[in-house]
Amino acid sequence: MVSFSNINEAKEFFKNDLFASSNGIELDELSEKECLCSMTLNKNHLNAYGGVMGGVIFTLADFAFAVLSNQLHRPTVAQQVNINYLNAPKGKKLFARAVCKKDGRTTSVLNINVFDDVGRDVAQFIGTGFKLNI
């Protein structure tokens, strides 16, 4: 059972996530067990060395985690997350594809792969969601 009847309903709900939207994160695809989010990189996303700030990558992955975990059960909050940075992005756009690995009674486990528009793997994020009963 899904929480959102369609992608537009999910977009409407997540427009209130001002941090994600002010950083240019968009929800591109949503199904029962998977979603895809993206963001176009700009100078505001760079660190002092000129590379993409790790927090930008984390925020994109965390947003994809939030969308899919709340598609599985609303409301769900993060219980534990982990990110491994694999490579610096080389492209101009980042994507985060979230896939549900476990959808249990009280928790869910999602894998989020972050990659850029030239096909480079950037990060792997694993999150455990806790399903609230409110």
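**Entry 1, the model.** I am working from a predicted model.

**Entry 2, the sheet.** I looked up the strand order first. Six strands make an open sheet, and I read the order as β1-β2-β4-β5-β6-β3. The pairing is antiparallel. I then checked the edges. β1 and β3, the latter covering 76–85, sit there with a single partner strand each, so one side of each has no neighbour in the sheet.

**Entry 3, the hairpin.** Next I went to β1 and β2. β1 spans residues 26–30 and β2 spans residues 34–40. Four bridges join the two strands in the antiparallel sense. How many residues lie between them in the hairpin? I find three.

I followed individual positions across this pair. Which residue in β2 is the bridge partner of Glu 29? It is Leu 36. Leu 27 has Cys 37 of β2 opposite.

I turned to the UniProt record. Its unreviewed entry lists residues 48–68 as "transmembrane region". I compared that with the model. Over residues 48–68 the chain is 71% helix and 0% strand. The end C-alpha atoms of this stretch are 32 Å apart.

Notes
Residues are numbered from 1 along each chain as its sequence is written. This is a predicted model: local features need pLDDT of at least 70, side-chain atom pairs count only at pLDDT 80 or more; totals for chains, interfaces and linings use all residues. Side-chain values use heavy atoms; hydrogens and water are left out. Two strands pair if DSSP finds at least two bridges between them. UniProt positions are given in the numbering used here, feature names are shortened, and annotations may be inferred rather than shown by experiment.
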